[in-house]
Amino acid sequence: MSDPVLATRNLMKSFGALKATNDVTIDLRVGEIHAIIGPNGAGKSTLIGLITGNLAPDSGAVDLQGREITRASVEHRAHAGLGRTFQISALAMEDTVLENAVLGALGASGRPWRFWRSVLGDPDLTGRAMAALEQVGLADHRNTVCRELSHGQRRQLEVAVALTLEPKAFLMDEPMAGLGAEGSTTMTGFLDGLRAQAPILLVEHDMDAVFALADRISVLDYGRIIATGTVDEIRTHPDVRSAYLGEDA
Amino acid sequence: MIAERHINWAVIALFLIIPIGALLLDEPFTITLATKAAVLALAAVGLNIALGIGGLVSLGHAVFFGLGGYAMGILAFHAQTYSPLELGPLTIAGTKSMPVIWITAMLVSALIAWIIGLLSVRTTGVYFIMITLAFGQMFFYFSISCSAYGGEDGLSIYVRNGFPGLNTLVPIQFFGLCFALLCIALFIFARLRASAFGLALNASRQTPARVQTVGLNPLRMKLVAFVISGAITGLAGALFADLNRFVSPVMFSWQLSGELIILIIMGGVGRLMGPVIGAGLFVILEHWLGGLTDYWHVWLGAILLGIVLFGRGGVIGFLTGKEGPHV
């Protein structure tokens, strides 16, 4: 087994007396989708914040490709190869689809300090952006203003922007959120193929999607990982059944 | 609905036709009014970079307008009194040369904008407005207490500063100079907005979290925008002082900062020609309504209210039928 692409080691984060993240050690390996599930308030958002760099842990560490990034800024983590998507689409709504994707390409290029030349006239950036849009199937909508996209298309664009970074690992915060059954199926099919490009740490509420996609699942409850295993192991795990899935699952 | 491009050219054409017509009809005061509109427009084009693209609602841009004004006033004062400016070990001779004054005004404004920006761009909303307002008041009261340069009475400069090859005392020539600078600033604004920096700045206004996630620092984008913005408004301040041949603390007043915002909102926030249309309207209303009633601000307020309530995109938004960026 090769080294994990993304890993956390004994992460701790408390808010007052509440241990929102309690000794969490997980890893993400090459080619896999590792899903993190847990009931509301289990600490998923806190864990995401610690991995993205929006929150600083009380103790423990985060590693990306064997390098510690525990104290690195959000921007630095992006350059180091972490591509994230947001639960609620954080897109520039007044800009076009292409402009949103070019922003990602611009970030990846690390050269935003150009004040004169037209950014959409830069074939390197637009090429990279268009490749990502084609991959998610939004190339035909490149000139649509983001505000006019459907909810499902916004989710796709959200993924496309992360793709322009050519990340080493994806961190996806509920990519299925708000998608209908059909949209959910499309997105599931898409993420299925994406894992070959870079592994995905998937935080998701949609159990059908999780069971269809995940190579491994970790269950978070009261800030702790109570179980990690394959889909079948998690389905039958007694603690998980009581904590999350309910007795009928 | 009219395409924005056509509106832009129509505005530029009007801005040329009116003063030229006034020249032919021998109405120098109209040329002076047009010059005032061009200078205010230039100041607002500067603010539009921070406000319209970057979403920084600065209620302290009069700081840069005033700094530009005093850069002109102080340099010209030392030139007309033949007394060099002593800054510790440094001795600086005054000057009556516009290019030197302009560069000084822009450098000083950029430096102060950098300092104010460092302390303020991480705040948003009402806190940013309050911090920039506070800086504005600091400069206002400092200029009042600075008796060496006239204090509350301001500073008169008897002869307008010179520009190589021009007689700046001829109204149409001074207008041409101001209008040329306005056009350059508009060109810079257009290029900047379409550039890599413009894209990132525009996104920093709309979704800073996203900008961070792609590996860029939205605060640094805003800081640089604030510096460029301040420099352009500073240049306008130097021209404004030269137009009036007078500088006073009023140039630092928060009312002036407010007026700059108002004329951008009237024209269209974030639009290339928004500040130009706004400044044109403002000067026309001030002159025309001001001739009818002393309480013309009430009517200006009513017009502004109408624009804000019924069309978020200002005059350009109304004409093109497209809403402008949200700040």
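A residue is buried if 20 or more other C-beta atoms, placed from the backbone, lie within 10 Å of its own, exposed if 12 or fewer, and partly exposed in between. This is a predicted model, where local features need pLDDT of at least 70, side-chain atom pairs count only at pLDDT 80 or more, and totals for chains, interfaces and linings use all residues. Residues are numbered from 1 along each chain as its sequence is written, and chains are lettered from A in the order in which they are written.

**Exercise 1.** Find how many residues of helix 3 of chain A are buried.

*Solution.* Start with the helix: helices are DSSP runs (H or I, at least four residues), numbered from the N terminus. Helix 3 of chain A has 13 residues. Now apply the cut-off: twelve of the 13 are buried, among them A:Leu103 and A:Leu106.

**Exercise 2.** Compare the span of helix 3 of chain A with the expected one.

*Solution.* Next comes A:Gly110, with a positive phi near 70°.

**Exercise 3.** Work out which helix of chain A gives the most to the side that touches chain B.

*Solution.* Residues are in contact if their C-beta atoms, placed from the backbone, lie within 7 Å. The contact takes 30 residues from chain A and 21 residues from chain B. Helix 3 of chain A gives the most to its side, with seven residues. For a close-up, look at B:Ala200, which touches A:Leu103, A:Leu106 and A:Pro112, among others.

Conventions:
Contact = placed C-beta atoms within 7 Å. Helix = DSSP H or I, 4+ residues; strand = E, 2+ residues; numbered from the N terminus. Expected span 1.5 Å × (residues − 1). Lists of a residue's contacts leave out its neighbours within four places in sequence.
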